Amino acid sequence: MPISPTTLQRRTWLGAAALALGTLAGTAALAQQPAYPTKPIKVIVPFAPGGATDVLARVLAEKMAVGLGQPLVIDNKPGAAGIIGTDAVAKAAPDGYTIVLGLSNSLLTNQFLYEKLPYDPQRDLALIYQIAIAPLVLVTHPSVPVSTGPELLKYAAANKGKVAYGSYGTGAYPHLAGAYMSLTQNADMSHVAYRGEAPMVQDLIGGQIQMAYASALVAKAHIDAGKLKALGVTGERRMGILPNVPTLAEQGMTDEAYRVAGWLAFAAPANTPPAILERLAAEVRKAVQLPDVAQRIAGMGFEAKASSPAEFKAAYMKERPVWERLIKQSGAKLD
């Protein structure tokens, strides 16, 4: 049956009207989504100014501000092994305007160390981006007659109760790895906890302790000067800043205690919209890949990561039981 001109015109008009309404509806929906960001973003660093975490936060904030079109303001909230600053973020509004640049202790291991942690990392935080892995170098005083990790194990076992190791805090990786070494070798090693890495290294140089796990950033100058002896590095790969020091795993120390390493990462309050997390992650990724930033990260002894919210969560869940086991084995517990 032929269609009359009037009917054809009516159908054409209805189709055009529907298309126009659809376009208007789409525009309205887009208009309802607030632009992000529209104001400065606060980056809480739960450690004191001047440390590696603070320095990296400031470097990344400067670069990320370009892509985000808003400044990132650093707010140092040190105290209680990163708990104070991290808790402030956990309790902030989930709108993308308060984030934290923390370490593996404040974002992961503290939950196994503290009986009364005011936040639950998995419930109260949303993971954004794992910036870099932070392996440590196993160093000894030059008087200790060993040159490798396995030799140190034998030495500790043969000198039961005579070896002291340092850490920059109970429950930090240097404590956990030292406790694991002592336990597996039945060495009865003494743990000495310091209020920071600098005094730990100074006592190691002075011979008050015999071994420690330290950052390359702090230890390299003393290694180069012959004041400390580097035996190996933790993690899966050699450090770019210490290319001639083999990993402990390369030396046959393949236990998970020696293969894990700390890390630095961004997180936000739980329930932050996924689109905001992805936007922040994209800007971190761009910043980390800049040649000058990559060089700065490598110079700190860190290994830059290519990450995302999903990749960070997968890595987090894989490492979580390893850290939990290490802490239980060490017997470390804090109030």
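The largest pocket here has a volume of about 1,300 Å³. This is a predicted model: local features need pLDDT of at least 70, side-chain atom pairs count only at pLDDT 80 or more, and totals for chains, interfaces and linings use all residues. Residues are numbered from 1 along each chain as its sequence is written, and side-chain values use heavy atoms, leaving out hydrogens and water.

Terms next. On a 1 Å grid over the protein atoms alone, a pocket is an open set of points where a 1.4 Å probe fits, with protein on both sides within 12 Å along at least five of seven lines; lining residues have an atom within 4 Å of a point. Points join across faces, edges and corners, and volume is the space filled by probe spheres set on them.

Who lines the largest pocket? It has 48 lining residues, with Phe47, Leu103, Asn105, Tyr168 and Glu197 nearest its centre. α4 gives the largest share, five residues. Helices (H or I, at least four residues) and strands (E, at least two) are DSSP runs, numbered from the N terminus. By class, the lining has 30 nonpolar, 15 polar and three charged residues. Nonpolar means Ala, Val, Leu, Ile, Met, Phe, Trp, Tyr, Cys and Pro; charged means Asp, Glu, Lys and Arg; the others, Gly among them, are polar.

Now the second largest pocket. It holds about 410 Å³ of space. Of its 16 lining residues, Ile133, Glu236, Arg259, Val260 and Glu319 are closest to its centre. α13 (309-330) and β4 (125-134) each supply at least two lining residues. Its lining has six nonpolar, three polar and seven charged residues.
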